[in-house]
Amino acid sequence: MNSVVNRPAGPGALAAAMSSWTDMNEHELRKQYSPSEWTHRMSREDVVKAHEASLTAGTERARRVAQTLLDVPYGEGEDEKLDVYMPNSCSPDLPLVVYFHGGYWQFLSKDQSGFMAVPLVQKGVVVVAVDYSIAPKGNMDLIVSQVRQSVVSIIQQYSHVSGLYICGHSAGAHLAAMVLSTDWPRYSITPQIKGAFLVSGIYDLLPILSTYVNEPMKMTEEVALRNSPSQLVGQLKWSSGDCDIVVAVAQHDSPQFRKQSEDYFKALKSLGLKVSFEDIPDTDHFNVIEKFVDADYHLTKVTALISQLFTQMLLTPLLHNNTLLIMFVYFCPSFF
């Protein structure tokens, strides 16, 4: 069991190995926040192209194997639409996973975001892929408000689901964390988000203000602060205190990306929240999420093992040693 998840450098080791971003020059910051600089699989240009191609192909496959509702509006804006992927045999009380795509808030769309449905719909899980107004059309305040509104709309339209879960990768993990930190009374609704899986996210926006990432975003320090999940952990505890959160990072993410995940995990843990840290072996910033469509990926393989353990009533103690298993319990309760 312990071999399923390797921890090349767990919490504590990451911070010791990485200096503060404030001590870095512009060149160093640019490299730290350029995920393609850290992949060991192919060139910078090729890994980005391969990433988009992989997610697109996975989404096209999902649209073939699942029942779909495409371009469902969640607001009045042109980009405020979502895609719903449903199991072929659907009961009215299925679990639902909302996925927010990455791309540094300026690339990708829901057309590259349905890939997670390939393994999940087969286990009786509904997957919703959310679009938002990427930069330069959308700014950070708008994007955050859009993803929050998408969750409100999903709750209103699918109030019968047995459980709501959210997942995001990279910039999408940032957006998922912002959803967890929402002041819900302002929306006259309080969604019960049972679980969140944050993959290779960025939770402090200040380090990217002087990098190429901010050129189309045009964030000021004030905007970055109010949209940094690291500044909102108190609000998260108040809004989503009962949510089980997995903060995951790729083994070959950059040191600063890895430190961002560690720091956010530690901040949540210090408030007594239910949070786990996972270091995913043999992955980089891109294939850590791409592999979710692959039947041979360890996240997919553990489903059969979970089923056997659950029937023997042995699952609970083992979850404390392997919290990646928690994600599948959350995302796939109907599997059991």
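Apart from neighbours within four places in sequence, Ser113 is in contact with Thr59, Tyr99, His101 and Ala129, in a model that is predicted. The protein has 336 residues, of which 58% are buried, and its secondary structure comprises 14 helices and eight strands. Among contacts between residues at least 6 apart in sequence, 77% join residues at least 24 apart.

**Ser113 and its loop**

- Ser113 belongs to the loop that runs between strand E3 (95-100) and helix H4 (117-120), and a polar atom of the Ser113 side chain lies 2.7 Å from the backbone oxygen of Ser109.
- Ser113 counts as buried because its relative accessibility is 0%, which is under the 20% cut-off for that class.

**Ser239 in helix H9**

- Ser239 is part of helix H9, which spans residues 233-240, and the side chain of Ser239 makes a polar contact of 2.6 Å with the side chain of Gln235.
- When neighbours within four places in sequence are left aside, the residues in contact with Ser239 are Leu180, Ser181, Thr182, Asp183 and Trp184.
- With a relative accessibility of 12%, Ser239 is classed as buried.

**Thr22 between two helices**

- Thr22 is placed in the loop between helix H1 (13-17) and helix H2 (26-32), and with a relative accessible area of 53% it is exposed, since the class begins over 50%.
- The side chains of Thr22 and Ser20 are joined by a polar contact of 2.8 Å.
- Although Thr22 and Leu206 are 184 residues apart in sequence, their C-alpha atoms are 9.6 Å apart in space.

**Nonpolar cores**

- The largest nonpolar core contains 68 residues, and Phe100, Trp105, Leu198 and Ile245 are the residues with the most contacts inside it.
- Ile245, not counting residues up to four places away in sequence, touches Leu180, Ala196, Leu198, Leu236, Leu268, Lys274, Val275 and Ser276, so that the list includes Leu198, itself named among the residues with the most contacts in the largest core.

**Helices H5 and H6**

- Two packed helices are described by the angle between their axes together with the distance between those axes.
- For helix H5 (residues 140-157) and helix H6 (residues 171-180), the axes come within 9 Å and cross at roughly 65°, and the crossing of H5 past H6 is right-handed.
- On the H5 side, the residues that meet H6 are Met140, Ile143, Val144, Val147, Arg148 and Val151, while on the H6 side they are His174, Leu175, Met178 and Val179.
- Sorted by class, this contact of H5 with H6 consists of eight nonpolar, one polar and one charged residues.

**Backbone features**

- Most residues other than glycine have a negative phi, and most peptide bonds are trans.
- The peptide bond that joins Ala135 and Pro136 is cis, with omega of about 10°, and Pro136 lies in the loop between strand E4 (126-130) and H5.
- Asp71, a residue other than glycine, has a positive phi near 60°; Asp71 sits in strand E1 (residues 67-73) and, at 44% relative accessibility, counts as partly exposed.
- Ser200 also has a positive phi, near 50°, in a residue other than glycine, and Ser200 is located in the loop between strand E6 (193-199) and helix H7 (214-217).
- Ser200 is buried, its relative accessible area being 0%, whereas Asp71 is partly exposed.

Key. Residues numbered from 1 in each chain as written. Predicted model: local features only at pLDDT ≥ 70, side-chain atom pairs only at ≥ 80, totals over all residues. Heavy atoms only, no water. Helix = DSSP H or I, 4+ residues; strand = E, 2+ residues; numbered from the N terminus. Buried < 20%, exposed > 50% of the residue type's maximum accessible area, 1.4 Å probe, protein only. Polar contact = N/O pair within 3.5 Å; in protein donor to acceptor, adjacent residues only side chain to side chain. Contact = heavy atoms within 4.5 Å. Core = buried A, V, L, I, M, F, W, Y, C linked by side-chain atoms within 4.5 Å. Axes fitted to C-alpha atoms, helices over the stretch in contact; angles between N-to-C directions. Left-handed = near helix turned anticlockwise from the far one by under 90°. Nonpolar A, V, L, I, M, F, W, Y, C, P; charged D, E, K, R; others polar.
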